[in-house]
Amino acid sequence: MKKMLVVYYSWSNGNTKRIAEQLTNGTGADIARIETTEPYSGSHEDVVEQGKREVEAGFMPQINPISVNLADYDVIAIGTPTWWYTMAPAVLTFLTTNISVMTEKLILVSLHQLHMIRYITDITDLENVWEMLLRMEQS
């Protein structure tokens, strides 16, 4: 049996966290949370506006190291909320930082506000994952 890890980012501990936990419960996978080194603060509206600016600028916030070794896993599922029609900036940082370790192991799970799940599988050229996701969001 393949060893699976679910890595997720959730600013508010809402839908993304809940679905990541359900996925681990259903598969027996391990779980790890992506956290920014400087947490978002302020009102919901403040964070929404900051997130919009970050997405528009392609900003990648610094993140804390996760508690597991990615090389130990056969499959890595990544959960992200949708921020301004794409993944959260912290997830972009995580993917960019860990591309070499995750080659041929990655399943992206995009969690939309209405609990829609889109699986993107069989990604073999992870260096172009950002451009691919942008094209998919626009189609």
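## Aromatic cluster

Tyr9, Tyr40 and Trp83 make up one aromatic cluster. Rings of Phe, Tyr and Trp (its six-membered ring) are paired if their centres lie within 6.5 Å, with planes under 30 degrees apart counted as stacked, over 60 as edge-to-face and the rest as tilted. The model is predicted: local features need pLDDT of at least 70 and side-chain atom pairs count only at pLDDT 80 or more, while totals for chains, interfaces and linings use all residues. Residues are numbered from 1 along each chain as its sequence is written, and side-chain values use heavy atoms, with hydrogens and water left out.

The structure holds two aromatic pairs. One of them is edge-to-face and joins tyrosine 9 to tryptophan 83, at 6.1 Å centre to centre and 70 degrees between the planes. The pair links distant parts of the chain, 74 residues apart: tyrosine 9 is in the loop between strand 1 and helix 1, and tryptophan 83 is in strand 3. Tyrosine 9 has a relative accessible area of 4% and is buried; tryptophan 83, at 12%, is also buried. Buried means under 20% relative accessible area, exposed over 50%, and partly exposed in between (1.4 Å probe, protein chains only).

## Secondary structure and totals

Four helices and six strands are present in the protein. Helices (H or I, at least four residues) and strands (E, at least two) are DSSP runs, numbered from the N terminus. Along the sequence the pattern is β-α-β-α-β-β-α-β-β-α.

The protein has 139 residues, of which 42% count as buried. Of the contacts between residues at least 6 apart in sequence, 68% join residues at least 24 apart. A contact here means heavy atoms within 4.5 Å.

## Nonpolar cores

A nonpolar core is a set of buried Ala, Val, Leu, Ile, Met, Phe, Trp, Tyr and Cys residues joined through side-chain atoms within 4.5 Å. The largest such core has 22 residues, and Val7, Tyr9, Val91 and Phe94 touch the most other members. Two or more residues come from each of strand 1 (4–8), helix 2 (44–57), strand 3 (75–83) and helix 3 (89–102). Helix 3 gives the largest share, six residues. A second, separate core has seven residues, including Tyr8, Ala20, Val75 and Ala77.

## Surroundings of Tyr9 and Ile34

Which residues does tyrosine 9 touch, not counting those up to four places away in sequence? They are Thr16, Ile34, Thr36, Tyr40, Gly79, Thr80, Pro81, Trp83, Ala88, Ala90 and Val91.

Isoleucine 34 is in the loop between strand 2 (30–33) and helix 2. With a relative accessible area of 1%, isoleucine 34 is buried. Leaving aside residues up to four places away in sequence, isoleucine 34 touches Val7, Tyr8, Tyr9, Ile63, Ala90, Val91 and Phe94. The C-alpha atoms of isoleucine 34 and serine 10 are 7.8 Å apart in space, and the two residues are 24 apart in sequence.

## Polar contacts

A polar contact is a pair of N or O atoms within 3.5 Å; within protein, one must be able to donate a hydrogen and the other to accept it, and residues adjacent in sequence count only if both atoms are side-chain atoms. Threonine 80 belongs to strand 3 and is buried at 7% relative accessibility. A polar atom of the threonine 80 side chain lies 3.1 Å from the backbone nitrogen of alanine 88.

Aspartate 74 lies in the loop between helix 2 and strand 3 and is partly exposed, with a relative accessible area of 39%. A polar atom of its side chain is 2.7 Å from the backbone nitrogen of lysine 3. Aspartate 74 and lysine 3 are 71 residues apart along the chain, with 5.2 Å between their C-alpha atoms.

## Charged side chains

The charged end of lysine 3 sits over the ring of tyrosine 73, 4.9 Å from the ring centre. The criterion is that NZ of Lys or CZ of Arg is within 6 Å of the ring centre and within 35 degrees of the ring normal.

How many salt bridges does a search of the whole structure find? It finds one, where a salt bridge is a side-chain nitrogen of Lys or Arg within 4 Å of a carboxyl oxygen of Asp or Glu. The side chains of glutamate 21 and lysine 17 form a salt bridge with an N to O distance of 4.0 Å. These residues are separated by about one helical turn because they are four residues apart in helix 1 (residues 15–27). Glutamate 21 is partly exposed at 33% relative accessible area, and lysine 17 is partly exposed at 25%.
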